[in-house]
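Dear colleague,

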Amino acid sequence: MAAVTGTRRRGAPPTREAGKARSSRPPGASREERAGWLLTLPFLLLFGVFTAWPVIQSVFFSVTDITNRDLRTPFQVNFVAFEQYAKAFGDPVFRKAALNTAYFVLVGVPLTMTIALAAAIALNTGITRFRAVYRLGFYTPVITSIVAVAVVWRFLLNPDSGLVNTVLAWVGIDGPNWLGSTTWAMPSLIAMATWRNFGTAMIIFLAGLQAVPQQLHEAAAIDGANAWQRFRNVTVPVLRPTILFVSVTTAIGYLQFFEEPFVMTQGGPLNSTISASMYTYQQFSFGNYGYAAALSYLIFLVIAIVTALQFRFLSEKED
Amino acid sequence: MRRTTLLVALTTTTALALTGCGRDDGGAGDAGAPQTGEAVSTDDLSGELEVWAMGAEGEALPDLVAGFEEQYPEVSINVTPVPWDSAHDKFVNSITAGTTPDVAMIGTTWMGEFAGMDALDPTPGSIDTSKFFEGAQGTIEVEGTSYGVPWYVETRMVYYRTDIASEAGYDEVPTDQEGFKEMAAAMQEQEGVDWGISLQPGQTGSWQTVVPFAWSRGAQIATEDAYTLDTPETVAAVDYFGSFFDEEISDANPPEGQTEATFTDGSVPMFVSGPWMMSLVEDFAAEGGEEDFGSMYDVAPIPTADGGESSSFIGGSNLGVFADTENRDAAWALVDWLTQPETQVEWYDMTSALPSVQAAWDDEALTEDEKLAKFGEQLTTAQAPPSFPTWEQVAAAFDAEMEKVAKQDLSGEEAVQTAQQQAESIGTGQ
């Protein structure tokens, strides 16, 4: 830490100049700098080997036709430029997977955020005496293993004996085969994902709500603002950075939609729940490394664009 | 061009770093590959062998190989059990990293892929490959060369409830496909029966249900160097498969994991599966107080059509020796020992894995069980899927089409056309 602040104070770029300029600097600063590098070295090494290098390598894979057959004979790998990327646009299964993912994000993100915010407000205003119990209850699905969650939801959604259809039968509705129907499989997964994930967003919203100054609320109340007006004009503006943060992280998570279809439906029935990440995973497991790498960069690109849009539209009113 | 060079340099560096050393024969070794590998010598065997095996086999194998170690005291064997879930990745990683074991159990559908990566040692001529079931032998041959040996086998038959069949007026299962469907429909008419037969409506592995119907009509789904999924025989078989769902003899959206339950309570009195289901349904029935369930059902061969020969799917596992082994003689000696009829019978006693060596089936342990003997009979004509490295991928495409046939009334013609197109664009990978 000391090394870093020391470098910054001098205002010199800390990296490339360091070696060259060493002689002209006081020896103490140089030692401090060297210590800084030494201390960050373990991280840099791990980062380089396990993060940076795989990223560089997968970018290269994405412009080659490499498959698992080439692993022992790397000289046969061909450079194919953007052919793998172009292939994705003509691939009907990937198109279906992309549409499913868009469906999931467009319905799932607003739904998750609305429920999370509602739950956070309810807990914050203290309409219940058992706040801690509810907070724990809402957060439990987040920390529960997806496999355990899947087993329970499969019981709930069982067309013959599941709780959901049993309850529907009480009111005279003949419930569908949730996971076996092309229409209902996706809504089922969205419901499950929302239930599983809103706890994270709720905790962050709760922290944001607790940071809203009570005096503002009181002042607004004295001016005659009702509850909705206070929420609209006091809470939301203060909460805006929190909303931005939650929407970005939730959208990124949902664009990588993978676990729910993987454990619940394997992408079926008839590819109605296959997601872009899951299809990418399948291509990797078939050994089509080049194509799979290209697909993951397409997903990366979409995430980058969506995130940029969110920053553009959710943060502009702040200044 | 410069970019290509850079690319090659980059990938090569990694590959070299991963494999530790390059192999001089590159990928061109296929053309000159021998039909069988060099002979091995079993004199003075010594050294250590690293063996990988999956699932229950991995757990039971150390006890079995103690017999081999007794015979060759200088050899010590270290068995590493590998979980099935991660086995494929573990093998691919070890092949790229050059850290393969000496001997390993290999899934039958991985042979083409691993052989394509030059990872496996061709079977030496000293091992007599004619002693195995023909279908099982087919799973180890890649482009005419044998890599490893079949270790144990399984095949699929029709399970049916004899009591419900006789109520429906059937003492035997018809051997022709049309008659078979009529029987399923007639059984569905009986009281307490919801569906005539349980057939897997698409999704992973459903080709193992559909392709045997095609084989039993005389179809071939591949030649030596191409997929032929769109033959008239296969079209007819897929239409036949689809008609079960069309005529609502089979459930297109069956609940998961209910096969034992619906078979024992009689609501679905037929299904197609492998020998392991015998103990599963009997144990399930016993738990429900039905001790004598073994006499209430039987197994029958896959029905045929157009004068075809009943031909089921052969599964199981193979044994391979990896090309990087430093103890090739001992490795092959172990493989040879594991496929001696006596060893195979002992292995059957330990794990219920069915012997791949035909001679082992003469043993009492296997002949005294009538149902098991029928599996032995079906094994003689059972077939293996193509051993192309891309088969798993093509199978997935085929399964996706089968799902449309079962659930969306897609015609057999359209389904196999699409599957064939995808197979052609995927290629055989050779």
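Two residues are said to touch, or to be in contact, when they have heavy atoms within 4.5 Å of each other. Please bear in mind throughout that this is a predicted model, with scores of ipTM 0.71 and pTM 0.78.

The largest nonpolar core contains 59 residues, and the residues with the most contacts inside it are L61(B), I77(B), F114(B) and L334(B). Helix α12 of chain B, which covers residues 328-338, gives the most to this core, contributing 8 residues. If residues up to four places away in sequence are left aside, L334(B) touches L49(B), V51(B), V65(B), F68(B), I77(B) and V103(B).

On confidence in chain B, the pLDDT averages 86, and 92% of the residues score at least 70. Residues 1-34 of chain B, however, have a pLDDT below 50, although in the model this stretch makes 37 contacts beyond near neighbours in sequence, and I would ask you to read that part with care.

Two backbone details in chain B may also interest you. Phi of D118(B) is near 60°, which is a positive value in a residue other than glycine, and D118(B) is found in the loop between α4 (111-116) and α5 (134-138) of chain B. Is D118(B) buried or exposed? Its relative accessibility is 12%, and because buried means under 20%, D118(B) counts as buried. The other detail concerns E143(B), where phi is near 50°, again a positive value in a residue other than glycine; E143(B) has its place in the loop between β4 (141-142) and β5 (145-146) of chain B.

When contacts in chain A between residues at least 6 apart in sequence are considered, 66% of them join residues at least 24 apart.

With best wishes

Methods. Residues numbered from 1 in each chain as written. Chains lettered and ligands numbered in written order. Predicted model: local features only at pLDDT ≥ 70, side-chain atom pairs only at ≥ 80, totals over all residues. Heavy atoms only, no water. Helix = DSSP H or I, 4+ residues; strand = E, 2+ residues; numbered from the N terminus. Buried < 20%, exposed > 50% of the residue type's maximum accessible area, 1.4 Å probe, protein only. Core = buried A, V, L, I, M, F, W, Y, C linked by side-chain atoms within 4.5 Å. pLDDT = per-residue confidence, 0-100.
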